[in-house]
Amino acid sequence: MRLGVLDVGSNTVHLLVVDAHPGARPLPAHSHKAELRLAELLDEDGAIGPGGVDRLVATISDALQAAEDKGCEDVLPFATSAVREASNADQVLARVRDETGVDLTVLSGAEEARLTFLATRRWFGWSAGRLLVLDIGGGSLEIAYGLDEEPDAAVSLPLGAGRLTAGWLPSDPPSPADVKALRRHVRTGIARSVGEFTRLGRPDHVVATSKTFKQLARIAGSARSTDSLYVQRGLTRKALEEWVPRLAEMTVEQRIALPGVSQSRAPQLLAGALVAEGAMDLFGIDELEICPWALREGVILRRLDHLPAERTALNRPGGAPGRGTGPAGSGEPGLRLIPAGGDPGSVVDPGAAADPGSEAG
């Protein structure tokens with residue numbers, strides 16, 4: 001089947017289209033993304049402003065059209081920390097639902113960590129042993145640890161690169177005092193959770209995901225993303241400790257000139273580097289490996305795990321698939337909006353989205 005996962009994140013709204021079936025590696029077929037930076041659009045009350053909601057609705061509509069154009073059978077829509085923590089989250093979700101038919105599943109921070117952990121476990125396999133997984137997003141830092149596919153410990157901290165940049169580094173280049181204050185804030189936040197993980201023992205393999213870690217690894221000398229998905233990429237604490245003071249002295253324009261650093265992510269790179277350095281130091285990590293799979297792949301894999309049972313149910317006599325996104329009530333085929341991480345049998349019908357009794361993902 002062709003499956004789409006719609007990720008409404010703190011930095012981007014990203015539709016990833018894959019060709020997939022149970023037991024096989026999901027094959028990327030198309031990527032459609034738009035930079036929104038929702039984590040930086042919150043007002044003084046922590047709400048996403050009207051302009052931000054307008055852009056979000058328009059971007060989701062564009063992504064749905066792209067999913068339809070690419071022949072997606074199912075779409076799994078979800079949102080992370082920027083929407084989760086917005087003071088007007090309920091109003092934002094209601095407007096998205098009313099105007100697009102998309103009932104966004106809002107993942108908790110722990111769910112983000114668990115699904116990202118699942119993706120890394122599937123990528124590296126059982127031979128990797130006990131995994132410690134770090135993921136720096138725009139709004140939060142996720143940490144997970146475990147031996148199986150479900151981590152033994154998983155936390156989410158409000159230490160995302162976009163959030164910290166907006167709140168702590170107002171000038172370009174940042175002042176030394178602001179950098180020092182942010183460094184202290186980051187390390188204090190991480191230190192509160194270290195004990196929860198260290199009591200479980202040392203990991204056999206430390207893994208990092210996310211654009212922030214990939215860019216830090218690239219400027220430290222790792223292979224380009226275009227070289228191959230299967231080239232091993234890593235990051236050492238020593239290299240990171242050398243780069244942090246250099247990044248702190250650079251302007252955004254100077255960071256853009258670094259290898260692998262995008263224009264949209266350059267402003268956040270220093271904050272992300274401070275989080276990465278703090279985590280590696282406090283957890284005693286000398287070196288970590290970059291995993292190309294992360295949260296979106298975790299959502300896809302979880303969906304595929306449930307697919308055989310659902311397909312069996314739909315193929316039984318009397319079984320019927322959910323309606324698609326044809327005209328409401330028409331029963332015509334189209335996209336199905338599946339609650340990300342929820343009950344795979346509960347298909348979200350866009351035609352019934354306005355019904356207050358309909359169940360959200």
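Below are two exercises with worked solutions.

The model is predicted, so local features need pLDDT of at least 70 and side-chain atom pairs count only at pLDDT 80 or more, while totals for chains, interfaces and linings use all residues. Residues are numbered from 1 along each chain as its sequence is written, and side-chain values use heavy atoms, with hydrogens and water left out.

**Exercise 1.** Work out how helices H8 and H10 cross and which residues meet.

*Solution.* Start with the elements: H8 covers residues 237-249 and H10 covers residues 269-282 (helices are DSSP runs of H or I, at least four residues, numbered from the N terminus). Next, take the axes, which are lines fitted to C-alpha atoms over the stretch in contact, with angles from 0 to 180 degrees between N-to-C directions. The two axes come within 10 Å and cross at roughly 150°. That makes H8 roughly antiparallel to H10, a word used for angles over 145 degrees. Finally, list the contacts (heavy atoms within 4.5 Å): Arg237, Leu240 and Val244 are among the H8 residues that meet H10, whose partners include Leu270, Ala273 and Glu277.

**Exercise 2.** Decide whether Gly284 is buried, partly exposed or exposed, and find what it touches.

*Solution.* First, locate Gly284 in the loop between H10 and strand S11 (287-290); strands are DSSP runs of E, at least two residues. Then apply the cut-offs: buried is under 20% relative accessible area, exposed over 50%, partly exposed in between (1.4 Å probe, protein chains only). Gly284 has 25% relative accessibility, so it counts as partly exposed. Leaving out residues up to four places away in sequence, Gly284 touches Arg202 and Arg237. Arg202 is 82 residues from Gly284 in sequence, yet their C-alpha atoms are 9.4 Å apart.

Terms used. Parallel < 35°, antiparallel > 145°, perpendicular 65-115°, else oblique.
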